[in-house]
Amino acid sequence: KYSGKYIVTEEENGVTVVRCHVSPEYNKHFWGRMKGYVSFMLSALVAAIRLPRHDIIIATSPPLFVGIPGVIAAWKWRSPFVFEVRDLWPDSAIELGVLTNRPLIMLSYAVEKFLYRAATKINALGPGYRDALIKKKHISPDKLSMISNGADADILTQTKDRDIVRAEHGWKDSIVVTYIGAHGIANHLEQILDTAALMLGSHPHVRFVLMGSGMRRQILIDAAKEKGLSNVEFIEPQPKKDVANFIYASDICLAVLKNTDVFKTVYPNKIFDYMVCKKPIVVAIDGAARDLVERAD
């Protein structure tokens, strides 16, 4: 729809949305992802400085570089700049081993420091992030707020009948274990394939369903075929209004990430969606996500 276009302005539900160019290589490999970040930073900067004055500028990271057009727009209009932290960048990229280039690491830390200083207010998405920003990044608590994400209960409670969805997908007599979300390096969904391999012979009635997209999706599909995992099914990303159908049709829902210290700060959105649908959750993420699930009992 937007191929060959650099900046497109649209109206959606009474809101003006300015869509900015992102490199088509975004989901192919690490350098494609970096090219995507930089291309969006530049196109968003062009779009932002063309807009009329706004009262508040908000940038949400990752990627870290989205903060740069935000800061420049805020400077231009002398507006307050709110920087939202949804992941500790570049720490998580370094710990995952996807960011290894020394000059790029130094540049990323410099950009991070600049954005924290330039921000009028920093919003942390969860208590783990807030603690890390105070202790590791030495941000004043007075500069921080903590407003976490939630779930859209209006969308998630308008669903098709569970039995209809299960019949449509041939899950009628299965125990369905579902993961919904990104298929990237950080998610390390290989651990789900490993679990499926362990259970294939002893629990053939348990079915693992992975829904979403990401740079490792095709790799995971190929790995499941190679291992003969007939108990694993991949489903293309669905509109938000349809995602709830799959959650309600599931017996257990999964929230998983790679086992690294930096992910102890993470608050995955999918957990809130699962909670609205009142589903049992298996969370393989230590730290803030585990605390959330345990406190909710």
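Reader: Which helix does Asp 273 lie in?
Author: Asp 273 is part of helix α11, residues 269-276. Helices are DSSP runs of H or I with at least four residues, strands are runs of E with at least two, and both are numbered from the N terminus. This is a predicted model, in which local features need pLDDT of at least 70 and side-chain atom pairs count only at pLDDT 80 or more, while totals for chains, interfaces and linings use all residues. Residues are numbered from 1 along each chain as its sequence is written, and side-chain values use heavy atoms, with hydrogens and water left out.

Reader: Is Asp 273 buried or exposed?
Author: Asp 273 counts as buried because its relative accessibility is 9%. Buried means under 20% relative accessible area, exposed over 50%, and partly exposed in between, with a 1.4 Å probe and protein chains only.

Reader: What is Asp 273 in contact with, leaving aside neighbours within four places in sequence?
Author: Ala 151, Leu 156, Lys 240 and Ile 247. Contact means heavy atoms within 4.5 Å.

Reader: New topic. How many helices and strands does the chain have?
Author: The chain has 12 helices and 11 strands. Its radius of gyration is 21 Å, close to the 19 Å from the globule rule for 297 residues, so the chain is as compact as a globular protein of that length. That radius is taken over C-alpha atoms, and the rule is 2.2 Å times the number of residues to the power 0.38.

Reader: And what does the C-alpha trace span along its principal axes?
Author: About 60 × 40 × 35 Å. Of the 297 residues, 44% are buried. Among contacts with a separation of 6 or more, 65% are between residues 24 or more positions apart.

Reader: Aromatics next. How many aromatic pairs are there?
Author: The structure holds 6. Rings of Phe, Tyr and Trp (its six-membered ring) pair if their centres lie within 6.5 Å; planes under 30 degrees apart are stacked, over 60 edge-to-face, the rest tilted. One of the pairs is Trp 171 with Phe 246, edge-to-face at 6.3 Å centre to centre and 65 degrees between the planes.

Reader: Where do Trp 171 and Phe 246 sit in the chain?
Author: Trp 171 is in the loop between α7 (162-168) and β7 (175-180), and Phe 246 is in helix α10 (residues 240-248). They are 75 residues apart, so the pair links distant parts of the chain. Trp 171 is buried at 0% relative accessible area, and Phe 246 is buried at 8%.

Reader: Which residues do ring pairs link into a cluster?
Author: Phe 81, Phe 83 and Tyr 116.
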